[in-house]
Amino acid sequence: MSSILHLPSMRLLGCLQLQPHLFRHVVNRSVTQGEYRRPGKPREDKFPWEKINFSFSKGLDGIRKHMTLLKTEFFQRWVGPQGKPIMEHMLEQNQVVWEFRGAESLEEWIVSSDREIGGQSEAYLKLGRNNNTCFLYGTLRLAPPKDGETRYSGYCSMRSRQLLASFDRKKHYDWSSFNTLHLRVRGDGRPWMINLAAETYFSHQKDDIYNYFLYTRGGPYWQDVKIPFSKFFLTHRGRIQDDQHPLWLDKINTIGFTLGDKAVGPFQLEIDYIGVCKDYAHTEEFAYELHKRNPEV
């Protein structure tokens, strides 16, 4: 009887011995890490259906909204990608993705800080002086929350919202025709971290983010920053990964800016636009070493 009960497990072990790469993919992060919960935050004991707000008027508004989006998606395909003519899309070398030309443009962004976990930092977002720029400002403080668990604190961030198509389907930015991120910013001399989140293949990789640094000069003059996508490195929950691989440029979800330089005091960052461009002088595919799991002898 014992041999019969252990027969499936023996077959599984034999399969993993024959194909060890399957076991490495599973144990990489899915088994060792679960859903992240902030320290001090209580667990939710509600059932999934208890979080839904059932409302007839809200349902009608949702149907009207999604049918309008579906109509836009359908007719855009007859024009070309993203509603632009196909020749313009093929010859395009520069594209402005985010620009701030009104109050409605600020609704595409989410501002957060360590105040969400009990910290004391503050971050705010508003339009610039001529309503043509985005002005991110606030105060960074390092005092950790008094929950008895969190030991470090002090960050402020700004992140774009996830694009949604009709019926709340994810919509991605396709930057495969470009190789460089182009920003026009004006800061106060502080270093920032640029975060690019792309669609992942497995659900346990949803916290994977590509990062690179943004060094502001300070002063009254604007700064044009061009960062090749090959320079962005992979991190998982703030930790740099040994297994690096290039960014999927056709599946970009969001972009974000994070300040955490451990310098207490006020900060400000003004952004004119965020775009992408094609730099033909840049031929590098990926700036970091790629480790092979089974190196060739």
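Q: How many salt bridges does the count come to?
A: The count comes to 13 salt bridges, each a side-chain nitrogen of Lys or Arg within 4 Å of a carboxyl oxygen of Asp or Glu. This is a predicted model, where local features need pLDDT of at least 70, side-chain atom pairs count only at pLDDT 80 or more, and totals for chains, interfaces and linings use all residues. Residues are numbered from 1 along each chain as its sequence is written, and side-chain values use heavy atoms, with hydrogens and water left out.

Q: Which residues are linked in a network of salt bridges?
A: Glu 99, Arg 101, Arg 184, Asp 224 and Asp 272 are. Within it, Arg 101 meets Asp 272 at 3.4 Å, N to O. Arg 101 lies in the loop between strand S1 (94–99) and strand S2 (109–113) and Asp 272 in strand S13, so the pair ties together parts 171 residues apart in sequence. Strands here are DSSP runs (E, at least two residues), numbered from the N terminus.

Q: Is Asp 272 buried or exposed?
A: Asp 272 is buried, at 10% relative accessibility. Buried means under 20% relative accessible area, exposed over 50%, and partly exposed in between (1.4 Å probe, protein chains only). Arg 101 is partly exposed at 41%.

Q: Switching topic, where is Ser 166?
A: Ser 166 sits in the loop between strand S5 (156–160) and strand S6 (180–187). Ser 166 counts as buried, at 1% relative accessibility.

Q: And what is Ser 166 in contact with?
A: Leaving aside neighbours within four places in sequence, Ser 166 is in contact (heavy atoms within 4.5 Å) with His 66, Leu 69, Leu 70 and Glu 73.

Key: Helix = DSSP H or I, 4+ residues; strand = E, 2+ residues; numbered from the N terminus.
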